[in-house]
Amino acid sequence: MLARLVSHDLPKSRWLAIALVAIVAALALTPFIFPGTKALNVAAKVIVFIVLAASFDLLLGYTGIVSFAHTMFFGIGAYGVAIAATRIGATWPALALGAICALAVSLVLSLVIGLFSLRVRAIFFAMITLAVASAFATLASQLSDFTGGEDGLTFKVPEALQPGTEYAAEPFLGASIDGRLVTYYLIFVVAVVLVLALLRIVNSPFGRVLQAIRENDFRAEAIGYRTVVYRTLASVASALFATVAGVLLALWLRYNGPDTTLSFEIMLDVLLIVVIGGMGTIYGAVVGSVLLVLAQNYLQDLMKLAAAAVQNVPVVSQIVSPDRWLLWLGILFVLSVYYFPAGVVGRLRSIGKRAPSR
Amino acid sequence: MTTTTPAAPASASATDAVPRRAFDIRPIVLVVAIALAAWPFVGSSSTWLTLTIAGLAMGMIVFIAASGLTLVFGLMDVLNFGHSLFIALGAFLATTVFAAMGGAASAPSIGANLGVVAVAVLAAMALAGTIGLGFERVIVRPVYGQHLKQILVTIGGAIIGEELIKVVWGPAQIPLPPPEALRGSILIGEASVEKLRLVAVVIGLVVLATLLWTLNRTKIGLLIRAGVQDREMVESLGYRIRRLFVGVFAAGSALAGLGGCLWGMNQQIVIPQIGGQVNVLLFIVLIIGGLGSTVGCLFGALLVGLVTNYVGFLAPKLAMFSSIGLMVAILLWRPRGLYPVVNR
Amino acid sequence: MTATPLLSLAGVHTHIGAYHILHGVDLDVAAGEVTMLLGRNGAGKTTTLRTIMGLWAASAGRVVFDGRQIGGRAATAAATARPAPAKSAAQSQLLTPAIADLGIAYVPENMGIFSDLTVAENMLLAARSARRLEQLDAARLDWLFGLFPALKKFWLYPAGKLSGGQKQMLAIARAIVEPRRLLLIDEPSKGLAPAIVQNLIAALRELKRTQTTILLVEQNFAVAQALGDRVAVMDDGRIVHRGAMAELAADEALQHRLLGLSLAAHQ
């Protein structure tokens with residue numbers, strides 16, 4: 001039954017399976033195992049990034065399309081909720097309206113981008129999406145009346161989700177049962193559903209055609225698949241999932257601004273996650289997100305320690321400074337592309353394969 | 001055997017129905033048309049002139065920065081998303097040079113000031129070119145022919161490079177004030193033109209002339225132009241074009257360094273994100289001009305420069321969109337850019 | 001005469017990706033002669049030329065030019081060699097520019113004309129020893145203009161604007177702007193009107209008189225017969241017949257069997 005749940009896309013590696021189970025369990029039980037607001041924030045961010053990265057993997061890993069517009073849809077989802085909550089009010093219908101409008105906008109935009117650009121060479125497409133995403137980010141920060149400009153929008157969520165809403169007077173097993181907890185589990189459940197849905201998509205006949213197109217689009221076309229249609233559908237699906245991820249993030253942060261969702265740094269993060277985690281696996285997005293977000297939040301503390309130790313050595317102290325953690329991530333990224341093209345997941349799977357022959 | 005010059009065939013005068021090279025001037029007309037069209041909107045002629053010159057200056061600088069990128073892509077089918085790194089290098093090195101030569105920079109003599117600028121420019125080109133060589137060897141060469149990996153790896157290289165820039169120069173922005181005698185503007189007719197911008201334009205024109213001369217009048221230029229069209233055939237004619245590529249990559253990086261230096265001087269401040277800022281602009285210019293075409297790159301850059309300045313004056317909020325809008329409009333007219341390179 | 005052939009292929013296999021195109025080609029090209037390479041579409045003729053030129057690496061067998069191995073592997077395995085890993089195949093495989101340096105010129109099926117360059121620039125590029133137009137050998141140019149008058153007329157014209165026949169002439173002229181030891185020409189008559197084909201034959205006949213060694217791929221049997229001294233017929237990646245052109249030209253039944261046509265049908 002578990003196999004059917006993940007659409008028969010099994011981890012195929014003991015280590016990977018263990019890792020995945022551990023991750024899911026840890027995320028499910030974070031409020032109880034890891035006390036404190038920071039831990040909960042990190043966990044929520046991990047969950048959102050898992051959905052964001054997995055949807056990007058659908059596009060990059062399975063269909064072979066490089067698109068820099070992914071964060072644009074992420075932002076649309078977040079802004080949809082933010083604007084609805086700000087203008088209409090912190091009610092469930094408002095949220096629903098915001099989310100639906102965001103999905104509609106994403107649908108149209110991704111369709112237009114897909115149909116317009118997917119007919120051109122991949123390089124063209126990548127560059128065009130970069131330009132469009134950049135323009136969108138600028139637009140968001142300039143339409144301050146609508147989007148709150150550079151400062152973004154802070155808004156309230158429905159009462160059921162507000163941190164102040166207490167459901168139980170006493171904390172249960174170390175976690176206070178309040179609106180925050182409810183929000184967390186809402187995000188968690190939705191994310192699980194979305195990831196399972198992605199697994200279903202990539203393991204369906206549709207998903208197989210995508211992979212065929214990625215391998216050799218000429219041949220796929222020759223066999224009779226209209227590659228433009230499939231690519232556009234993949235592009236739209238990926239955009240919609242990213243939009244929902246944005247909705248989730250906005251619900252959690254109760255804030256959204258251009259830097260929260262639209263910045264190129266986030267696009268890079270997603271790219272890093274998918275490549276380091278393992279392209280074309282969906283599980284890669286899970287593992288990668290955990291690695292990246294944990295590194296972002298906790299590795300920097302480590303680096304601070306190291307920096308303190310080499311404080312007086314001129315260049316080294318700069319290199320180890322926690323602000324430069326992107327440098328190390330960049331190196332890891334480049335090494336991954338060369339030496340671990342299958343990512344962490346691929347590595348784990350190949351270890352698993354060698355084990356039985358011993 | 002004596003090699004006498006084969007004269008342009010004597011029959012040329014007789015059969016003057018044979019045109020030489022039919023140059024497509026429509027994009028030039030477009031540039032002029034846009035400039036003229038903006039005039040009534042801007043209103044005042046002096047403002048229009050200032051904006052136009054500013055636009056052309058910006059276009060020239062962007063062209064220099066982008067020329068390397070389009071050549072590299074056209075010649076070797078490598079899309080270097082890390083190109084912005086060399087631009088940033090050039091800009092930051094300029095700040096160091098200006099600071100180091102502070103004495104000459106603050107002297108009121110134009111000669112000394114131009115000397116500072118010259119040193120900055122040459123240093124920027126040398127550094128960027130050298131790093132470009134290393135970049136090609138280490139980052140790009142292992143992934144020839146694999147577009148997806150190229151995009152990923154060059155982005156990675158750019159990230160690493162820009163972080164290293166922050167290590168060396170610090171993460172804050174650094175002002176790049178013009179040298180003493182080059183501050184302020186001069187009046188050309190009714191338009192006020194900043195002196196530094198003028199210097200940038202002059203340098204840009206020199207580079208442009210050199211580039212065009214090299215491409216059109218030397219055998220290496222011939223090889224590059226041919227290689228952009230049909231790499232295989234050039235190899236079949238006996239040329240080791242891969243060696244040429246390394247040279248072009250380094251030259252392209254050097255040009256990017258120069259472009260960065262000029263950009264910094266144009267903006268009068270250098271921020272760490274300078275690479276990313278200019279990158280998007282470069283891509284837009286490349287798409288408008290046609291990937292691989294130097295001339296297209298020039299006119300694309302001029303168009304972007306002009307449009308950005310006009311729109312920046314008329315409707316500042318739309319400035320960023322103006323480039324994208326221009327790109328879309330051009331693609332609708334010519335889906336492969338202004339001067340698409342015909343491959344085979 | 002049993003002089004050593006200028007070019008010889010022995011047991012050459014070529015794979016393109018997973019496709020096994022050449023299944024052991026044995027071919028000798030004697031110096032000073034025109035050897036025709038005939039065969040149906042897909043027989044592997046173009047692949048053979050490209051393999052000689054090093055554009056595709058032979059996965060097995062040897063390609064020897066003037067006593068020197070330029071392609072293939074040192075020792076060949078069985079005739080059904082699987083695709084060789086790229087690195088080991090390169091051991092005896094010269095790169096294309098190096099092969100061209102030995103004096104081999106290649107005129108591909110698509111002619112390889114640089115359309116944005118002028119006719120003059122195309123010629124200059126092909127002349128390894130000249131850095132500027134003025135340095136081209138005037139006498140040789142005159143001879144070429146004699147063979148291909150259109151070149152003189154359109155000297156400063158962008159090559160892309162030439163007609164199909166003129167482009168073909170340019171492609172051949174380019175290949176011989178300097179003396180070469182071996183010409184590989186792929187289907188020069190393809191897509192050309194019969195009158196132009198006649199011009200082509202005349203030009204190539206002239207060229208023949210200079211004792212240039214030519215390996216000519218053709219599907220047009222009339223052209224083949226007019227120019228060829230020897231002939232080799234390919235089918236399914238192998239040479240299935242080799243001999244003197246005169247023999248094949250005289251034997252209609254053989255023509256029909258090998259090429260599915262007779263000379264009469266093709267005129």
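## Basis of the description

Residues are numbered from 1 along each chain as its sequence is written, and chains are lettered from A in the order in which they are written. Because the model is predicted, local features need pLDDT of at least 70 and side-chain atom pairs count only at pLDDT 80 or more, whereas totals for chains, interfaces and linings use all residues.

## How the chains meet

Two pairs of chains are in contact, and chains B and C share the most contacts; here two residues are in contact if their C-beta atoms, placed from the backbone, lie within 7 Å. Chain A and chain C do not touch, and their nearest C-alpha atoms are 13 Å apart.

Where chain A meets chain B, the contact takes 31 residues from chain A and 27 residues from chain B. On the side of chain A, at least two residues each come from α6 (122–142), α13 (264–277), α15 (314–320) and α16 (325–339), and the largest share, 13 residues, is that of α6(A). Helices are DSSP runs of H or I with at least four residues, strands are runs of E with at least two, and both are numbered from the N terminus.

Helix α9 of chain A, residues 205–215, has as its buried residues A:Gly207, A:Val209, A:Leu210, A:Ile213 and A:Arg214. Seen down the axis of α9(A), these buried residues fall within an arc of 160 degrees, so they line one face of the helix; the arc is that of the directions from the helix axis to the C-beta atoms. On the other side of α9(A), A:Pro205, A:Arg208 and A:Glu215 are exposed. A residue counts as buried if 20 or more other C-beta atoms, placed from the backbone, lie within 10 Å of its own, as exposed if 12 or fewer do, and as partly exposed in between.

The cover over the buried residues of α9(A) includes α3 (37–62), α8 (179–202), α10 (217–223) and α11 (227–253) of chain A.

## An open sheet in chain C

Chain C holds 11 helices and 10 strands, and 48% of its 267 residues count as buried. Four of its strands form an open, antiparallel sheet in the order β2-β1-β4-β5, where two strands pair if DSSP finds at least two bridges between them. The edge strands, β2 (19–29) and β5 (68–72) of chain C, each pair on one side only.

Strand β1 (residues 7–16) of chain C is joined to β2(C) by eight bridges, and the two run antiparallel, with C:Leu7 standing opposite C:Val29 in β2(C).
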